[in-house]
Structure formats: structure tokens, C-alpha cells
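Work through these exercises with the structure open beside you. Try each task before you read its solution.

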Amino acid sequence: MIGNFKHIGIATVAATLLAQGAAHAQDWPSEPVHVFVGFPAGSSPDTIARLVAEPLSQALGQPVVVENKPGAGGVIGVQQMLSQADTGHSFGVTINGPLTTSQRLVPDLSYETASDIAPVALIATSPLALTVPADFPADDAAAFIEEAKANPGDIAYGSVGQGSGAHLTAELFADAAGIELFHIPFQSYAEVTTSMLAGEIDAGFMAPSAALPFVEAGQLKMLGLTSAKPFPQAPDVPVLAGQAGIPDDFRAELWNAFIAPAGTDPAIIERLNTEINTILADEALQQKLLATGWNVAPGTTADLAARIEADTALWGKAIDLVEAKDQ
Amino acid sequence: MTTLEGLAHGLLVALQPSILIYSLLGAVLGTLVGVLPGIGAMAAITLLLPITYHISSEAALVMLAGVYYGAQYGGAVASILLRLPGTPQSAVTTLDGYPMAQQGRAGVALFTSMVSSFAGAMLGILILVVLSGWLAGMATSFGAADYAAMMVMGLVAASTIGNSRPVKSLAMVVVGLIAGCIGTDVNSGVQRLTFGQTQLLDGINLVALAMGLFGVAEVIANIQGADRHGPPSRVSLRQLIPTRDDVRRMVGPILRGTGLGGLFGALPGTGSTISSFLAYGLERRIARKPERFGNGAIEGVAAPESANNSASITAFVPTLTLGIPGDPIMALMLGALVIHGIQPGPTLLTSHPDMFWGLVVSFGIGNLFLLVLNLPLIGIWVSILRIPFRWLYPAIIVFICLGVYSVRGSTFDIFMVGGIGITGYALTRAAFSPALLLLGFVLGPLIETNLRRAMLVSRGDAMIFLERPVACAFVVATVLLLIWPVVKRIIPKR
């Protein structure tokens, strides 16, 4: 019996050594790389992860396996990445929420972004578009704000959930414009669209890709974007910043990023950042991402770290606004 | 393009050898995953998604669609033979399909389910072709108040399914409604009944609940040897053929089931599970002898199977004509289109007529193929019963675990299905009807979100339920349903 335990002990030590050895940069990656995504197959974070995973796998010479662990607005995916033992072969692609707002919105969250997550690279960003039905009595943001000022609290807008980017963006916009809007939460952009078409709600901050087909069909109008620069997928739509009293630095973007657990070898993170930036420079990939509603956003790990910090503060302010309203 | 031109054009697209092969491949795969308890269309489509990046968008869509409607055929097989629904959509088929099998009419039950599925799908295609414009308009004019009122009526109408005492039925519906509350509240973001579990923030997984209540519970019951199914015999062709009486009983339920399924399929967010429950509930309501239900009534197989197949076809109406997916699987299919640079939306029909009409024709070809494939297979399916329990049931447990895990890659859900299974077994032993729990679970969240949304839209004025004509009609119908039994007693019998 004792002999058996010894064998198990030796095997465990050997396995641990192997696992640790695998995480060193020189011969990395020595086994398949896993990328955890907190959304189901076919969702936009999943599509982004898969578009990047394929060329990444060629560059690294090892399979890059996308694993969908959907739930809790992407939080489950991050948790799954953190719970893997083989640091150096487990990564994640996530939308901004789990890194910037979940700390405030999910009770008893099992991780701290600052201490548990190592940023690798920003992949792509998307603005939200202030969208209204075609028969709404305003054709630009200024007229919209005027309408809202004339009827405080009367304009009902839909979001994709309490605390979602669409909800918080609308609250930031209302605060910046000095207006009051009425929030009705939904669960998807499809539901927000249907409700707008049915005449139940008057507005919504939508992903441009979700609104565009309806804009082309003449059923919806996009009045302005929340990004700093115009968005290539909807080049005719102006940005909201600087319009009708909205501050010039008004910005609220969604993004997807490649992340690693804290403690991953910095050399591995650097290598991944370089590879991902090379992949993002590919014109064909840029077009594919744009078709799904995302604009590539290459940058260093420090850029991503700065983005996480700035957005945590930005969305934190929005959550404060919502909480103040609820009381 | 007129409808006829479109269909002719679609025929050319769908009959291209490569498209045809992908369509049939999808349909066969769908049947297979449908038969396996727990593993459904969602799992198969998720696995196939990466492949679709490398084939044409038409081929990708007809294949994924084939899996989607093919699974509706397969789902009933295990429901009838083993009282183990292959998919949540066919859970209600166990209520009468399994008693039929026990009475030695497994062949007839399977035949009925296949023919009902085929009829439901074909009539569903007809509805899609003729009424798609009207259905799309309906889908975008339905407001939250209309949904809420309709679902309340559905809950009241279907709450008599299962043969338990009224108090026990009510208890099960309430437990189902409470189970549906688990997770993040849409309106306030508050966590309800999650006990601090991040895994419960999105609620209980429907597949885990259905497979636990029906699948695992049934396996436990069989360990006990409480109700072993009788020794199955070889099914001859003659045993498949329904009697003249069977056929007479089938026609009405198939037509009503198809209509109901067609309507619910086209409404985003409702879909095939609800339509199969309601089709069953409707048949029981209008039956002259409702006590026949639950004891092998052929209507109880024909109605839900035609409804869920019809719904699986008309579900493509909002998806393709509006770009609005009605359920997570439809969202997945739209994701597959987006990868090919096709943005689904109201202009899809005019910008990609090839795809739309090709898909519609492929539905017809795929369903015809499924019927031809499945009828001869009935004998083989029945022979599953000859596999000894000690081999069959462990295998079923493995499939259930695989299927539940495949939905969102969660080991937590596997433990859930185990726990729910034990609960389900206890409930069945105590003569409660788990079908009602599932009904409450499916309808509860829809009623709640839409009711509260309607109240938000009206700024707190409940009159919205009477002012909107559709909502008002459903409210009146619900009241009539509730007072009808009382009226029936007061009016003296002739």
C-alpha cells in the first residue's frame, strides 16, 4: 500500500514539474492552448475569439481551443479561466463587463480584476448607437435632447438588462445631456428592436450591427454614436460627443479583449500580444470583424490595462447614477 | 419575386448536390441527437458551427436548419418507448405515448408521432410560404401586454394536463413558477433564490430540469423495478398501421396542433416547447372524454408532435424576415450567417432571395426524407427495448450528463440534473405531475417579465390589458376558461 502511495506521490510531483515547466516561455506552447469565452457559440465574443484563434493557432504551432462557458454576463468564463491549473495554456476572450462592472454588480464575485487578471491585448471595440423608431419626432441628437427636455421622463428606452452597457450608457448620456429618460430592461437587442417596432418604447442604445438592417429598411434611425470617432460600419452617423451640450470627451464603448490569469509568465503575454497585433493587422480579418459589428483596436498590454482602469471608473460613475436614482 | 417564382428558384438552389447533401446530413444528425436523451439540436449545432465557417452560407444554413427540425422527429422516440423525452419539446409526449407503448401499441405511437411530425412540418411550410408576411407583422405588433395575457391563458388552459388531483396539480404549477424565478431579476438586477451561486445567476438550465424530472427520475424508478415495460416483440409492418378509429382521432389534433405551433413558432420568445404543452392541453380541454388522456390517447401524441414541428418551421419567419431570433438556437444560426457577412434583418428576403427560398424548399425535401428514413426505422427503435436494463440505463445516464453539459459546458448542471432527478422521482412516487412543474417553469418567467414590462410601458396603468385588443381577447378567454367548469355544473344536464 505504502509503495503505491509513493508512486502516486512521485507521479504528482512529476506532473506538477511538467506543468510548471510547460509555462516557461522558451518552448511555449508545448500543448494545446485553451481560450475560455463567457458567452455561447455564435455570440459576438465567441465569433471574435474564433476569428482570432484560427490564425493564432497557426502562429503558435499548437491548437487553440475555444471553450464556451456562458453565464452571468461573461463572469463564468473568466472564473473558468482562473480555475484552470495550467497557467500559461489557459486564456480568455471577454467583453468589458466582467472586468469593469461585475465587481460592482455581481455579489460575492470570486475574483478581483486588478489582482487576478493579466491584460494581454485589446481586440476590438464597438460604440453604441442612440437609436429611435423611424417615426420619432427628432432626426438628430440635439432634437432628441430638446424633445426629452420638453417631456421629462416620458421617453422610454430599452436596454439589454439592468446594469448592461446599453443601460449604463443611456444613463451616462442622460446625465451629460441633462435630461431624464425612462428605463425598461429587456434581455437582448432583438427584444429591444421588436419593442421599438411595436411602438412600446421610443429609444435604445443599440449595437450598430443590430440596428443597421432596420435602419436600411427604413424602420429605425440612428441619431448618434458613443465613440470618439465615427464608426466604419455606419460612417454617416455622427458621434454624440460635442453635440448639443454633450461634453467633447463623452465616450462609452464596448470592447473585447484577450486576457490571462495573473501569474502567467510575462514573456508569454508579450509573445501573445505581438501575435495578436499581427493578426489584427490582416485586412481580411478586419473586414470579417467589421461585418459582425466590431472595429479592430490593436495596442499594447499597457493600453489594455489603462482601458480597464478608465472604464472601471466610467461605468462606476454610471452605476452610482443608477443607484442614486433607485433610492 | 412572386411566391411561385421564389419556390421554383428555391428548388434550383436546394437541389444542387452539395446543398442537398448538407440538408440531408443535418436532418439525419438532428434525428439522432433528438433520439438521445438530453442531447438536442443546440449541442449539435454548437459543434457544427466551426465547420460552417468553411462552407457556403446556403449550405451552412440548410444543414443547421436540418438539425433543428430533425431533432423534433427524434425527440418523441425515447418519450414513447422509455418515458424519457429526447428533447424538452417532446416531454409532454411521454404522457400518452408511453402508456400506448405499454399497451403494446409502441409501433402505432411511433408511427403517429412520425406522421404528425411530418404533417405538422409540411403544413408549417405552407403557413411559412403563404402567411410569412402576415406572421412577421404580427410578431412586431405583439406587445408585452399581449404576450403576458396570452401566456396566462396558456397556463390556465394547460394546467389540467397530467392525471393528478387539482390540489397537487396546483402545487406543481406553483413549484414550477418558483423554479422559474431563480436567477437574476430582469427588471431590478436582484439575485433571486441563487444562494450565492454564480452558476444560478442565469437560472436553472431548461434541459437539466426536463432531463432530471423525466429522464433521471425514470431511470431511478426502473432501478426499483417498479414499472418494468413488458417484453417487447418484433414490430411487424402491420403493427405500425393505426386502426381506422386511430386515424379519425388523429386528424383534428394534427390540424389544431399545427395551427397552434405555427402561431407560437412565429412569435419570438415562445417557441416549440410551449406550443407542444399547449397543444396537448388544448386537446384535453376539448376532448369529450378527457379521462382518456394519460392512458394512451393517440391525440396526446399527435397534437404535441405536430405542434413542435410546425413551430420549428415557422420559427424561421421572425429569424429570416425580421432578423429577430425567437430562441437561442435561432440566434446561433443567425451567428452563422453573420460570419458569412450576411446581416440578418428585414431586408434579407430581398437581398438574399436564394438563401430564403432555397431554405424553404430544403425544409420540404428534408422533412420528406425524414419521413422516409424514420418509418422503416421504427422497428429498429422498438428493439431498443430489448437491450437489458443494466446496459441501457447506465448509457442513458451518460447521454443525459453529456447533453446537459453540452448546453453551457457546466459541471454544476450535471449535479443539478442529479438532484432534480431524485426530486422528480419522489414527486412521481407521491403522484404529483412533473409535466406541470415544467409548464410553470417555462411559462412563469415569460408571464412575469412581460407583465412587469407591460406595466412599465403603461406607467403602472393595468388598463393596458383591456385596452389592447389582443391582450383583451386573451383576458376574456382566460376568464371564460375559469368560469366554464362552474357554468357547466349549474346548467342542468340534458
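**Exercise 1.** In which sense do strand β6 and β7 of chain A pair, and over how many bridges?

*Solution.* The model is predicted, so keep that in mind throughout. Start with β6(A), residues 156-159. Follow its pairing to β7(A): the sense is parallel, over 4 bridges. Now check one bridge. A:Ala156 has A:Phe182 of β7(A) as its partner.

**Exercise 2.** Find the strand order of the open sheet in chain A, then say which strands stand at the edges.

*Solution.* Step one: count 5 strands. Step two: read the order, β7-β6-β8-β5-β9, with mixed pairing. Step three: look at the edges. β7 (182-185) and β9 (220-225) of chain A each have a single partner strand, so one side of each lacks a neighbour in the sheet.

**Exercise 3.** How many residues does each chain bring to the contact between chains A and B?

*Solution.* Chain B brings 40 residues, and chain A brings 40 residues. Now take the side of chain B that touches chain A. α14(B) gives the most, with 7 residues. Finally, sort that side by type: 19 nonpolar, 18 polar and 3 charged.

Technical notes: Residues numbered from 1 in each chain as written. Chains lettered and ligands numbered in written order. Predicted model: local features only at pLDDT ≥ 70, side-chain atom pairs only at ≥ 80, totals over all residues. Contact = placed C-beta atoms within 7 Å. Helix = DSSP H or I, 4+ residues; strand = E, 2+ residues; numbered from the N terminus. Nonpolar A, V, L, I, M, F, W, Y, C, P; charged D, E, K, R; others polar. Pairing = 2+ DSSP bridges.
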